[in-house]
Each structure stands twice: as structure tokens, then as C-alpha cells.
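Keep the picture open while you read, and take the points in order.

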Amino acid sequence: MSLLTTNPYGDRTLASARLPAGWPSALAPVELGLLTNETPFLATHLPSIEERYADFIAAFRGRVAAHYAVKCNPSPPVLAALYRAGAGFEIASAFELRLAMKAGAAAEDILYSNPVRPSAHLRAAAELGVKYFVVDGPGELHKVAAHAPGTAVIARIRVDDGGSRFPLSSKFGADPEVACRLLLQAPRLGLQPAGLTFHVGSQSTDPTAWARAVEQCGEVMVTLAEHGIQLEMLDIGGGFPATIGAGVPTLEEIAQPTLAAIDLLPVPVGRIVAEPGRGLVADASVMAATVIGRERRGGRVWVYLDVGAYNGLMEAAQTAGRWPFPVRTSREDDRTAARLHCTLTGPTCDSSDTILIDADLPDTIEEGDRVYIGSAGAYSMSYTSSFNGFNAPRDIILGS
């Protein structure tokens with residue numbers, strides 16, 4: 001059975017009520033089944049992104065400005081919607097800078113938070129008017145001084161990211177004492193020591209992780225103040241989770257201890273910002289795919305889709321098929337069907353192209369049916385390739 005031209009659902013309200021947490025009703029299988037677009041495609045509901053942004057601002061009582069991490073989903077309609085909602089941007093390259101500016105952002109309000117950049121990107125960003133650059137080592141500090149003279153630097157400190165699904169501390173972040181030295185050295189190089197930042201790791205499920213990191217920053221601020229340096233900004237980074245898997249804290253549960261820690265900072269700071277990415281966009285998109293095959297191998301059923309890790313679902317490969325994507329199908333209305341515990345995999349010849357090693361689907365699933373993968377709006381389109389000749393998913397924007 002194919003959903004390219006038909007919608008098998010009878011009761012649309014009932015079907016939407018069975019959605020996992022965080023899955024927008026506008027992207028329910030009953031709604032997506034009405035679309036005649038060829039799969040694979042990533043359907044994104046812009047009002048859901050705008051709502052999540054508003055939730056973020058409200059949770060932090062309007063005290064933390066959100067600079068969306070462009071790398072998470074750089075789709076121009078997504079960036080435009082977030083800019084209209086009031087978001088700033090955080091970038092990792094000169095290319096992302098141009099995307100953010102095209103969405104309407106002013107360069108001087110954009111944070112360049114990738115701690116290590118090509119010199120050409122630094123020059124381009126400075127020429128376009130970027131003011132704030134994150135550093136976490138002396139080499140990059142001198143590079144900024146050489147290629148973006150007179151700009152402001154923010155030192156990134158290494159913090160505990162053990163509560164995250166994707167830790168980052170092994171690659172980025174300076175020890176607090178090193179961060180302090182970087183900011184003390186900045187004026188001697190003609191740079192402005194502007195602030196501190198950290199990252200608690202992507203998809204962090206520890207609601208107190210940000211608060212503990214803020215406390216670490218407070219210790220560095222005291223030392224800097226003793227040397228006459230007053231910082232203007234504290235950037236509490238990203239890591240805010242999507243509604244995927246178990247034990248995910250709410251924004252309120254994260255904001256409460258974080259704001260309490262900010263209130264206890266020993267040195268006041270005028271501007272608090274954050275870099276949410278996944279937490280704003282992941283739940284607002286669903287990947288639609290078509291079953292291209294079903295086989296039994298080694299006593300287990302394998303269901304093959306026309307989308308996989310190499311063309312939109314890279315985090316599946318990064319987690320060896322254990323990233324807990326919620327899954328629904330065009331067979332969800334078949335309540336009499338037995339459940340099938342199977343391996344859900346992609347179309348390429350690479351065995352690591354596996355989406356879920358333990359998916360739960362209706363046993364009636366067959367070639368031509370659709371499979372809908374939720375919470376797919378983060379790091380999907382930005383990771384796509386044409387490996388083995390399989391095309392990237394189409395970007396379908398709804399609610400614009």
C-alpha cells in the first residue's frame with residue numbers, strides 16, 4: 001500500500017492523539033499521508049519552532065537571549081522564522097554567517113562560537129562586521145588578533161558534559177585557569193575580553209549541568225575582576241534537549257537552577273545569552289520514507305527504507321542504531337496487526353547505515369508503505385550526502 005495519493009486514516013483526531021511526546025499534530029502520519037511528495041522528505045512545521053522558541057524565552061523569564069545554532073538546521077525558512085520570532089544566531093563558519101545575515105541578522109549581533117576556524121573565515125567574518133569570537137587556546141587567540149583585529153573574544157571553558165548524549169569536552173574547551181589567562185592576554189593583543197562560555201554537551205539530560213558550569217564561570221570572573229577586567233557577557237551555550245528518549249528534562253527544569261546560579265554569580269554580568277539548537281528544531285520535523293524492502297536475516301526481520309544515515313539520519317550511525325527516534329507508519333490504523341520487532345535500516349550498501357536496531361512496527365509493514373521518523377529536525381539536512389547515489393531528502397516547509 002502506498003500513501004503517495006491516498007490517506008487510509010478514518011479518524012484524524014484519534015490518530016493524532018496517539019503521537020509520541022513532542023511530535024506536532026500538524027505532522028501526524030494522518031496529515032503527512034495527504035502529501036503527494038516523493039520520499040524521502042523532511043517535513044518541518046515552522047509554527048512548532050516558533051512555539052519552542054517562545055517556550056525557551058519564557059522558561060528563562062526573558063533574561064537569556066537565544067542565539068540559534070545555525071549548524072543544527074540551516075534551512076533558510078527555519079532561520080527566517082526564528083529571526084522573525086526574535087532569535088539571534090550562532091555560527092561556525094563564514095558560510096553560516098552569510099545564511100544568518102540573509103535571514104535578516106546584523107553581523108555585529110552574531111556569535112562566532114566555533115573555537116577553531118580557518119584564517120580566511122576569520123577575515124571574512126571580521127570584514128562583514130562580526131564582533132564576538134570564541135577562543136579556547138592561545139593559538140586561536142593570536143589568530144583572531146591577526147585576522148580580526150580589534151574584535152571581542154569570549155573564552156570557552158571545559159565543563160562536565162557527562163550527562164549529555166554527545167559529549168564535546170574532549171575536543172573543545174580550556175581549563176578555567178587557561179581561559180582566565182586568555183582573557184587577561186587579550187588587551188595586550190588589541191582585543192576586548194568580552195565574556196565566558198561553555199557547552200554541557202549535546203542533548204544533555206542533566207538539568208543542573210548548566211548551573212554547575214555557571215558556578216565555574218563565576219570563579220573565573222572573580223580572578224578577572226581582581227585584575228581589573230569586567231566581562232559584559234556570559235554565554236551558557238547549547239545542549240538543550242529535544243523530546244526524544246527517556247529522562248529528558250523540561251526547559252523549566254533546566255532554567256530554574258540555571259537562573260538561580262546566575263543570580264549567585266559573585267561578579268555581575270550585563271548580558272546572558274544561550275545557543276540552543278536541537279531543543280528548538282528537532283521535534284518540529286518528521287522524516288518521511290518509503291519501505292523499499294523487507295527480509296529475514298539471522299532470525300530477525302530487516303526493514304529497508306529509502307533514507308538512512310548517509311542522507312539525513314547521521315545520528316543513527318553515530319549511536320550505532322540506538323538513537324531513540326520515535327517511529328510511526330502508514331499502517332498505524334491497523335489495530336489488529338501484531339507488532340514486529342525489527343531492524344530499521346537505510347538504502348546504502350554500508351552496514352553502518354542502520355537507523356534503529358530495535359524498531360517496533362506493525363507486522364503488516366511491506367514494500368511501498370511509508371515510515372515516519374520523528375524528532376528528525378536536528379543535524380539531518382546538514383549531514384546529508386549522495387553516497388551510493390541516493391539523494392538527500394527534500395525539504396518540505398509547512399505553516400510558513
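1. How many disulfides does the count come to, if a disulfide is a pair of cysteine sulfur atoms within 2.5 Å? The count comes to 0. As a reminder, a disulfide is a covalent bond linking the sulfur atoms of two cysteines. C217 is in no disulfide, and the nearest cysteine sulfur, that of C180, is 12 Å away. C217 is also buried, with a relative accessible area of 0%; here buried means under 20% relative accessible area, exposed means over 50%, and partly exposed is in between (1.4 Å probe, protein chains only). C72 counts as buried too, at 0% relative accessibility.

2. A word on what you're looking at. This is a predicted model, where local features need pLDDT of at least 70 and side-chain atom pairs count only at pLDDT 80 or more, while totals for chains, interfaces and linings use all residues. Residues are numbered from 1 along each chain as its sequence is written, and side-chain values use heavy atoms, with hydrogens and water left out.

3. Now for the barrel. 8 strands close into it in the order 2-3-4-5-6-8-10-11, and the pairing is parallel. Strands (E, at least two residues) and helices (H or I, at least four) are DSSP runs, numbered from the N terminus, and two strands pair if DSSP finds at least two bridges between them.

4. You can check some of the pairings yourself. Strand 5 (residues 132–135) runs parallel to strand 6 (residues 152–156) over 4 bridges, with V134 standing opposite I154. Strand 10 and strand 11 are joined by 3 bridges and also run parallel; look for L234 opposite I272 in strand 11. Strand 2 (residues 65–69) pairs with strand 11 (residues 271–274) in the parallel sense over 2 bridges, and there the bridge partner of A65 is V273.

5. A helix to find next: helix 5 (residues 94–102) packs on the sheet and touches strand 3 (88–91) and strand 4 (111–112), where contact means heavy atoms within 4.5 Å. The direction of helix 5 makes about 165° with that of strand 3. For such angles, axes are lines fitted to C-alpha atoms, for helices over the stretch in contact, and the angles run from 0 to 180 degrees between N-to-C directions.

6. On to the aromatics. Rings of Phe, Tyr and Trp (its six-membered ring) pair if their centres lie within 6.5 Å; planes under 30 degrees apart are stacked, over 60 edge-to-face, and the rest tilted. The count comes to 9 aromatic pairs. In one of them, the ring centres of F56 and F60 are 4.9 Å apart and the planes are at 40°, so this pair is tilted. F56 and F240 make an edge-to-face pair, 5.0 Å centre to centre with 85° between the planes.

7. F56, F60, W210 and F240 form one aromatic cluster.

8. Last, S202, which lies in strand 9 (residues 202–204). At 12% relative accessibility, S202 counts as buried. Leaving aside neighbours within four places in sequence, the contacts of S202 include R165, G239 and R278.

Key
Disulfide = S-S within 2.5 Å.
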